[in-house]
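Visitor: Please take me through a close look at one residue and the parts of the fold around it.

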Amino acid sequence: MSIAVFYAPNAKDSSYLSEEESFHAIRVLRLKVGEVIHLLDGRGSKYSTKISTIEGKKVSFGVLELIDSEPKPSYTIHLYVAPTKQMERMEWMVEKCGEFGIHGIHFFASKHSERKEIKLHRLEKTAISALKQSKNLYLPKITGLHAFKEIAAIEGEEKLFAFISNPPVAELSKTALPGKEYHVLVGPEGDFTPEESATLKNNQWKAFSLGKSILRTETAGIAVCHGLHILNID
């Protein structure tokens with residue numbers, strides 16, 4: 001039987017699971033005092049411990065044993081996305097990018113954006129679920145909704161944006177360099193306006209292509225994430 005995994009960002013400072021994780025342990029998994037559980041702090045560490053008490057809706061755990069750790073990677077991926085009208089599509093993207101491994105997913109509003117507000121809590125829950133399922137040790141930071149100008153002005157080592165043009169610009173694998181801190185923009189399904197594209201280029205963002213096919217926003221986000229991982233395979 002597999003050992004249950006829980007997200008506990010403050011595992012070294014608090015001996016209690018969150019209310020949500022406690023509910024899952026008690027009501028869904030029906031765990032008992034003395035059972036072994038694993039904890040992820042989302043910052044590169046995995047611990048083994050045992051349930052010490054179950055008090056009402058709270059689960060506490062005992063001494064932590066570090067069983068796995070991962071140093072900070074040699075490259076990081078921050079994805080910036082103009083969200084679609086249907087949030088289910090963004091949740092699916094967050095889930096799949098989380099499974100591949102990603103360090104930040106940030107949402108912004110541009111001229112052709114379909115959505116002007118976003119509920120981060122649902123996306124954060126999706127990211128935590130993907131963290132536990134995938135055995136990754138880093139939880140991505142999810143933020144938004146940012147103004148386009150705020151994102152355009154970001155300073156970063158490798159700044160890239162998906163661009164639909166005729167003739168097409170160079171593909172991602174020929175534009176990005178390995179081992180970098182990546183900041184990658186994926187625009188709305190109506191694409192960036194000419195003015196927005198010009199603003200990005202003036203702020204040293206490099207345009208790249210994802211091929212001949214026109215991809216949905218969530219598909220493009222996943223393709224970027226996977227493509228950058230492939231680029232960095234030793």
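Guide: Leaving aside residues up to four places away in sequence, T217 touches V81, A82, T84, R89, M90, M93, V186, G187, P188 and E189, where contact means heavy atoms within 4.5 Å. The model is a predicted one, in which local features need pLDDT of at least 70 and side-chain atom pairs count only at pLDDT 80 or more, while totals for chains, interfaces and linings use all residues. Residues are numbered from 1 along each chain as its sequence is written, and side-chain values use heavy atoms, with hydrogens and water left out.

T217 is buried, at a relative accessible area of 3% (buried means under 20%, exposed over 50%, partly exposed in between, with a 1.4 Å probe and protein chains only). T217 lies in helix α7, residues 217-231; helices (H or I, at least four residues) and strands (E, at least two) are DSSP runs numbered from the N terminus. Helix α7 lies across β6 (76-81), β10 (181-186) and β11, running at about 160 degrees to β10, with axes fitted to C-alpha atoms, for helices over the stretch in contact, and angles from 0 to 180 degrees between N-to-C directions.

Those strands belong to an open sheet of 6 strands with parallel pairing, in the order β8-β7-β6-β10-β9-β11, where two strands pair if DSSP finds at least two bridges between them. Because β8 (141-147) and β11 (206-208) each have a single partner strand, they stand at the edges, and one side of each is left without a neighbour in the sheet. From one strand to the next the twist averages 25 degrees. Strand β11 runs parallel to β9 (residues 158-162), joined by 3 bridges, and K206 in β11 is the bridge partner of L160.
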